Amino acid sequence: MLSLDLHPIFRNNRDIELALRQFIFKAHQSGEPVAEIIPGRGTGQLRERVLVFLGQKHIRRLYDRVEVSSGNTGRVLVHFARR
């Protein structure tokens with residue numbers, strides 16, 4: 001499973017957008033069924049930001065569904081369709 005940890009770049013808006021964009025395209029191309037994004041627990045602002053990014057129309061086309069782990073809210077799973 002591919003994984004992106006946003007902890008090291010959580011303060012830089014441009015780096016977050018770039019990292020998310022590159023990661024989603026890489027995960028989509030790799031053929032992995034699930035990719036993991038780790039925004040961390042914290043206040044939930046970074047997780048919400050990740051979910052807003054994933055909700056954009058042009059990004060939404062790349063995956064099937066998003067799941068926020070119920071046991072660990074600091075983890076977002078992105079499920080891709082099998083090719």
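What pattern does the protein chain follow when read along the sequence? In this model, the order of elements is β-α-β-α-α-β-β, comprising three helices and four strands. Helices (H or I, at least four residues) and strands (E, at least two) are DSSP runs, numbered from the N terminus. The model is predicted, so that local features need pLDDT of at least 70 and side-chain atom pairs count only at pLDDT 80 or more, whereas totals for chains, interfaces and linings use all residues. Residues are numbered from 1 along each chain as its sequence is written, and side-chain values use heavy atoms, with hydrogens and water left out.

Along the principal axes, the C-alpha trace spans about 35 × 30 × 20 Å. The accessible surface amounts to about 5300 Å², with 49% belonging to carbon and sulfur atoms; areas come from the Shrake-Rupley method with a 1.4 Å probe, and for residues only the protein chains shown count as cover.

Among contacts (heavy atoms within 4.5 Å) between residues at least 6 apart in sequence, 64% join residues at least 24 apart.

Glu36 lies in strand β2, which covers residues 34–38, and is buried with a relative accessible area of 14%. The side chain of Glu36 makes a polar contact with the side chain of Ser3 at 3.0 Å. A polar contact is a pair of N or O atoms within 3.5 Å; within protein, one must be able to donate a hydrogen and the other to accept it, and residues adjacent in sequence count only if both atoms are side-chain atoms. Residues up to four places away in sequence aside, Glu36 touches Met1, Leu2, Ser3, Leu4, Phe23, Arg75, Val76 and Leu77.

Val78 belongs to strand β4 (residues 76–79) and is buried at 0% relative accessibility. The C-alpha atoms of Val78 and Ala35 are separated by 5.2 Å, although these residues are 43 residues apart along the chain. Beyond residues up to four places away in sequence, the residues that Val78 touches include Ala35, Ile37, Leu54 and Tyr63.

Conventions
Buried < 20%, exposed > 50% of the residue type's maximum accessible area, 1.4 Å probe, protein only.
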